[in-house]
Amino acid sequence: MNRRSFLQTTAGLAGTVALRRATVSPAVVASPAVTIRKALKYSMIDVEGMSMADKFRMAKDLGYDGIEMDSPNDFRTENVLAARDAADLPIHGVVDAVHWQKTLGDADPAVRQAGLDGLMTALRDAHAYGASTVLLVPAVVGKAVSYQDAWDRSQAEIRKALPLAEELGVQIAIENVWNHFLLSPLEAARYIDAFESPWIGWYFDIGNIVNYGWPEQWIRTLGPRILKLDVKEFSRGKRNDEGLWKGFGVEIGDEAGDCDWPAVNQALADIGYSGWATAEVRGGDRDRLVDVLARMNRVFSS
């Protein structure tokens, strides 16, 4: 059973979990039918004075298939739903807006509680918006937070949210970011499988991995754990010559980038991925967003 389609039927959930736990290898049946739905982050629509309704309408007119919101936020739910419905543009996901500041691995129980509260709010907003996932950075490892503590604390806090995720029908999607945590695909798979729940999976950021790995390898190892994709480019050359963060100073699909898009597409086909891919790059006005979508269309046709 494909993890990404399990929400359409409740039968066979146990089989889904068993499949996910067993699939830590590239031996996945290839699927030639891969469908990628392209989306953007709401915050990327950067036009001064433009209303929410007009932002949704513009994204729809430009050809985007969906949009992703942040939560917790200051928006009135009825206004978000009105914009969504008027544009006929689905909100496919929600990004936890407090997961960097209120980390679930923090040594302070009050900080962890604030992070859990933020996650719960994001789950409720996702359900209200009709979204299927909440993107979560689970913890940040540093001098004051050890790797083991980040693992143990974040697992404990996320387990508290899983009953609500199941009740609402919204999956928690862990993203690979530069948080010094879950640094290999085998470890990422183990982290997800430890929950033994279909209500948690992976939000795979293609560009983030290029700094220290190869996206196609991660895709094959994570397999059906991958719920959705974030899309950006990264240049190891610019990183080496200009500094770490300058690696992101290339556009999706640029020759200077080091993401092997044909290999990524083949890996996605190999695991049978069909679903959302959301741009996470510098936003801007209509012309900028036209260019971003054109680049996504090109790399996913390679």
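**A predicted barrel, strand by strand**

Strands E5 and E6 run parallel and are joined by four bridges. The model is predicted: local features need pLDDT of at least 70 and side-chain atom pairs count only at pLDDT 80 or more, while totals for chains, interfaces and linings use all residues. Residues are numbered from 1 along each chain as its sequence is written, and side-chain values use heavy atoms, with hydrogens and water left out.

Some terms come first. Helices (H or I, at least four residues) and strands (E, at least two) are DSSP runs, numbered from the N terminus. Two strands pair if DSSP finds at least two bridges between them. Strands of a sheet pair through backbone hydrogen bonds, either parallel or antiparallel.

The protein chain has eleven helices and eight strands. The strands form a closed barrel in the order E1-E2-E3-E4-E5-E6-E7-E8, with parallel pairing. From one strand to the next, the twist averages 30°; angles run from 0 to 180 degrees between N-to-C directions, and axes are lines fitted to C-alpha atoms, for helices over the stretch in contact.

Return now to E6. Ile174 has Trp202 in E6 as its bridge partner. Buried means under 20% relative accessible area, with a 1.4 Å probe and protein chains only. Of the 302 residues in the protein chain, 54% are buried.

Contact here means heavy atoms within 4.5 Å.

Helices also meet each other. The axes of helix H2 (residues 52-62) and helix H3 (residues 77-87) come within 8 Å and cross at roughly 30°. Residues of H2 including Phe56 and Lys60 meet residues of H3, among them Val80 and Arg84. By class, this contact has seven nonpolar, one polar and three charged residues. Ala, Val, Leu, Ile, Met, Phe, Trp, Tyr, Cys and Pro count as nonpolar, Asp, Glu, Lys and Arg as charged, and the others, Gly among them, as polar.

Conventions. Buried means under 20% relative accessible area, exposed over 50%, partly exposed in between (1.4 Å probe, protein chains only).
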